[in-house]
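This briefing is meant for a reader meeting the structure for the first time. Please look over the sequence and the model, and then follow the topics below.

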Amino acid sequence: MLNFCRNKFVGYEKINDEEYLISGVLEDNLYAHEVEMHVKLPEFEITSIEGKMKRYTTPLCPKATEKLDLALGLKIEPGFSSKIRRMIGRPGCRHYANIINECCDSLIPALITLNWREAIEKNPNLSQEEFLKGLVEKYPQIKNFCKEFNEFDY
């Protein structure tokens, strides 16, 4: 019987109000890759990125790590995923592109969760709607994440 398993893990750390550290891991039977990047807010811009291949299939694979620098300065916005696949995946490594996209796709939920925790500690009576309105005002890009964010009266 053939077995295959792929795991992906993404973790976030809020450095300060303007910067998040995102760590991503992709691991399966053949590959084990890690990516760590800093994203600057409110621009949603990648300001640093590093990668490490722990397990790979060919001697050419580690050279793909050099292509990660192509992501520097990119903004997480509509079209970002295809841009990463084109810039990092094609000339470099599709597994790196995959984990970068996983990291960036989950940035908005992480941003909401981490900021909600802080806000509720400061003001236990804060309503979820008030919180989300304030977050959308601070980061208008998150309107693209969920149509519900467009329903608020600003």
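Ile49 is found in strand S4, within a model that is predicted. The points below begin with this residue and then turn to the strands that pair around S4 and S3.

**Ile49 and its surroundings**

- Because the cut-off for a buried residue is under 20% relative accessible area, Ile49, at 7% relative accessibility, counts as buried.
- Leaving aside residues up to four places away in sequence, Ile49 touches Val35, Glu36 and Met37, and also Leu68, Asp69, Ala71, Leu72 and Ile100.
- Although Val35 and Ile49 lie 14 residues apart along the chain, their C-alpha atoms are separated by 7.1 Å.

**Strands S3 and S4**

- Strand S4, which covers residues 45-55, pairs with S3 in the antiparallel sense, and the pairing extends over nine bridges.
- Within this pairing, Val39 has Ile46 of S4 as its bridge partner.
- The hairpin of S3 and S4 has four residues between the strands, and in that hairpin Phe44 takes a positive phi near 60°.

**Strands S2 and S3**

- Strand S2, made up of residues 19-28, runs antiparallel to strand S3, made up of residues 32-40, and nine bridges join the two.

Terms used:
Residues are numbered from 1 along each chain as its sequence is written. This is a predicted model: local features need pLDDT of at least 70, side-chain atom pairs count only at pLDDT 80 or more; totals for chains, interfaces and linings use all residues. Side-chain values use heavy atoms; hydrogens and water are left out. Two strands pair if DSSP finds at least two bridges between them. Buried means under 20% relative accessible area, exposed over 50%, partly exposed in between (1.4 Å probe, protein chains only). Contact means heavy atoms within 4.5 Å.
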